[in-house]
Amino acid sequence: MSIAFTTPAELLDVLAGARRLCVFSGAGVSAESGIATFRQPDTGLWSRFDPLMLATLEAFQRDPALVWGWYEWRRAAVLRAQPNPAHHAIAGLAARLPQVCVVTQNVDDLHERAGARDVVHLHGSLEAARCSRCAAPYAHPAGIPAVTQGGERMPPPACAACGGPVRPGVVWFGESLPMQAWARAEALAREADVFLCVGTSGLVYPAASLPQQAARAGAAVIQVNPDATPLDGCARWNLRGPAGAVMPALLAALG
Ligand code: BV8
Ligand code: ZN
């Protein structure tokens, strides 16, 4: 069922009665903060590159300065951005319902900056850089990296412990998800009585299997996305609209 902006009473009853709500978010929840999603890439230099081609270990090994520059440009954009009403509404749900967790595919910290307490990062974080050789954590210097909209190649820093090239602390395509985060996300999906998908294309696995796992375990799945996605079929309700409008409306309707 696809509802454009109207929120059926039954959906509100189910959401208001949620005992264990799991919010599953993708790049679309940060779109209204000005953060380019994967499939509507920014018009900058990077629109000439397919993120699926840059977000890989092979790309980093082949051209570390190109990949490090891309991530520093993205990290600068996140540092300049603010959480949008969708992030705030998702954080606000935790004050209205007994148990709310967020499982995100995003590598930004906008859920946390909006006040969300329990956030599981399936694909790592832009702030968690580490040495690609000895895995020593790397602390980014304070402030916003000096990369321009056009982006530029930036050689990655050298690890203080072994001199190896520092890499972004994200999960690249072809890399396994952090075991603990993935195990917790699967458990949360199976235990949820309401599973709310916000702003994801549902194309990247194994993360995209979570809504199915939740539905199979009996959860009521709700999807918020302006477009249709492969998740439509497992959602009991598809709310067709931008998260920045739909999420505050849902929160307000809970009273
Ligand atoms: C792995 C970090 C295996 C980096 C990311 C089946 C099973 C297992 C794996 C695979 C499989 N099939 C294929 C694979 C391989 C691959 C994969 O899924 N490929 C895809 C392209 C087919 N998966 C992997 O490689 C994963 N690893 O499986 O390892 C393994 C096992 C053992 C040993 C070794 C290996 C790792 C995947 C993680 C990749 N890293 N991110 C970085 O950020 O640079 S994924 C990255 O892309 C994001 O994190 C995110 O997850 C994904 C993009 O998806 P979305 O978040 O949904 O964003 P997208 O732009 O696609 O869509 C935005 C949506 O928002 C749209 O629907 C749009 O309509 C909507 N929207 C827009 N505006 C708004 C909005 N919605 C609401 N409001 C708005 N305003
Ligand atoms: Zn090192």
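Student: How many Å separate the centres of domain 1 and domain 2?
Tutor: In this predicted model, the two centres, taken over C-alpha atoms, lie 27 Å apart. Keep the segments in mind too: domain 1 is built from 7-35, 83-124 and 176-254, while domain 2 comprises 36-80 and 130-167.

Student: Okay, and how do I read the interface? How many residues are in contact?
Tutor: Start with the contact count, then go to area. Here 13 residues of domain 1 touch 9 residues of domain 2. Between them the domains bury about 750 Å², with 61% of that on carbon and sulfur atoms. On the domain 1 side, Ala27, Ile35 and Arg113 lose the most area, together 52% of what that side buries.

Student: Now the metal. Which residues coordinate the zinc ion (ligand 2)?
Tutor: With a metal, look at donors, then angles, then spacing. The donors are the SG atoms of Cys131, Cys134, Cys159 and Cys162, at 2.2 to 2.4 Å. Angles among these 4 donor atoms run from 99 to 118°, and the zinc site is tetrahedral.

Student: And what spacing do the donors follow along the chain?
Tutor: For the zinc ion (ligand 2), the pattern reads C-x2-C-x24-C-x2-C.

Conventions. Residues numbered from 1 in each chain as written. Chains lettered and ligands numbered in written order. Predicted model: local features only at pLDDT ≥ 70, side-chain atom pairs only at ≥ 80, totals over all residues. Heavy atoms only, no water. Domains from an automatic or database assignment. Contact = heavy atoms within 4.5 Å. Buried area = accessible area lost by both parts, 1.4 Å probe. Donors = N, O, S within 2.8 Å, 3.2 Å for Na, K, Ca; no water. Tetrahedral: all angles 85-135°; square planar, octahedral: opposite > 155°, others 65-115°.
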